[in-house]
Amino acid sequence: MKRWMAALLALALMTLAPGALGDAIEKKGCYYASSSKAQVCDIYVPDGEGPFPVIILVHGGGFLFGDPGMPVIQPVIEAAKQRGYALVSVDYRKSSEAVFPAALADVKAAVRFVRTAAGRYGFDAERVALWGESAGAYLALMTALTPEVEALDGDVETNANQSSAADALVSFYAPVEFYTMDEEYASLGREDTNFSGPDSFESKFLGQSVGADREATYATYWETYLDQLPQDFALKAWIQAGDADAKVPCTQSMYFASRLSAAIGEENVRFSLMEGADHEDAAFYTQENLNAVFDFLDDALAVKE
C-alpha cells in the first residue's frame, strides 16, 4: 500500500467514532470538565452498532465520599451492558472540596459532556436517563428537574451550549427535602436524628446547618424551581425506597413521587416502597428489580416514530 494511502487510512480510523466497528468500550477516569480532578467519569459502551441509549449513573456517599466504580452500583453497570445501554458513571466534587451547588453543577456538566461526545462514543443524545442512588439520586433528580436553571450550573461552563435535560429518571432512596428530614423521621417514630445540625451530610453539602436558614436550604429543593421548567418538559420517573431505611426517611421518596406526579402527570411517575428494605439494600439490585427498571427505561426511552 502506498504511504499516502496508509496515512489516510490511519487518519480515518483515528477520527472514526469509537464503537463504530462494533467493539465494546470501557474507559476509566475520563474528564467531562476541567475545573476539578473530581470531574471524571467511567464510560461503558456495549458491543454492536449505536447509537445507544445512555444512562448517566450517579453514585451516593453522603455527598462526601464514593466513586464511579463503588461496589453498590456495579450491578447497574453490568445490567446496562447486558441490556444494550451505554453507561457513564460520574464522579463529582464532594462537600469537603466545594459546597452546593458544586456537585449538582458537575452532574449537569456530565450530561452536557454526553451530548458533546455522542458521536465519538455512539451515545444517542436523544435518549438520556439519569440514575442515582442515595446522595447521587438527589443529584440526579435535581439535574433532571432543573434543566434550564442557570444559577445551578455554578462555576462549570464546559459545553455550555449543550442541554443538561434528561428523558428519564431513576431514583433509589434519595434524600429530597433536607429541611423536613428530622420531622419525617419523627413522624415514623424515630427521634434520634439531627439532619438540621452542622455535622449532617446534608449540612456539609449545603455549607451551613440545614436548620439555620430555611430559604438557603430550600435553594436545594426541586420544587423551588418548578416554575422554571420548560413548556415542553417531558420526563418519565422511577422512584423507589425501602420502608426500613435507617439513613433517609422513606417518606422523602413517597412525598417526592406524589408531588412529582402532580407536577408532570401521574402516568409519568412510578413509585414503589420495598417492604423491609434498608438504605443501599441488596433488594434494589436483584436481577428481578433491575429487569423491572430496565423494562421501564426501554419504554421511557423508546425511539419516537
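**Entry 1: D91 and its surroundings**

I began with D91, which touches Y32, A38, V40, H59, G66, D67 and P68 when residues up to four places away in sequence are not counted; contact here means heavy atoms within 4.5 Å. I was working on a predicted model, in which local features need pLDDT of at least 70, side-chain atom pairs count only at pLDDT 80 or more, and totals for chains, interfaces and linings use all residues. Residues are numbered from 1 along each chain as its sequence is written, and side-chain values use heavy atoms, with hydrogens and water left out.

I placed D91 in the loop between strand 4 (86-90) and helix 3, where helices (H or I, at least four residues) and strands (E, at least two) are DSSP runs numbered from the N terminus. Is D91 buried or exposed? D91 counts as buried because its relative accessibility is 10%; the cut-offs are under 20% relative accessible area for buried and over 50% for exposed, with partly exposed in between (1.4 Å probe, protein chains only). I also looked up D199, which is 108 residues from D91 along the chain, and the C-alpha atoms of the two are separated by 23 Å.

**Entry 2: backbone details in the loops**

I noted a cis peptide bond joining F100 and P101, with omega about 10°, and P101, like D91, is in the loop between strand 4 and helix 3. Another cis peptide bond joins G50 and P51, with omega about 5°, and P51 is found in the loop between strand 2 (40-45) and strand 3.

I then looked up positive phi values in residues other than glycine. S134, in the loop between strand 5 and helix 5, has a phi near 60°, and S134 is buried, with a relative accessible area of 8%. N159, in the loop between helix 5 and strand 6, has a positive phi of about 55°.

How many residues of helix 5 (residues 135-145) are buried? I found eleven of its eleven residues buried, among them Y138, L139 and M142. The buried residues of helix 5 pack against strand 3 (52-58), helix 3 (102-116), strand 5 (123-133), strand 6 (168-172), helix 7 (201-206) and helix 9 (251-264).

Leaving aside neighbours within four places in sequence, L139 is in contact with V58, F63, Y92, A103, L104, V107 and F205.

**Entry 3: the chain as a whole**

I counted ten helices and eight strands in the protein chain, and 54% of its 305 residues count as buried. Among contacts with a separation of 6 or more, 77% are between residues 24 or more positions apart. The C-alpha trace spans about 80 × 40 × 40 Å along its principal axes. The radius of gyration of the protein chain is 20 Å, which agrees with the value near 19 Å that a compact globule of 305 residues would have; the radius is taken over C-alpha atoms, and the globule rule is 2.2 Å times the number of residues to the power 0.38.
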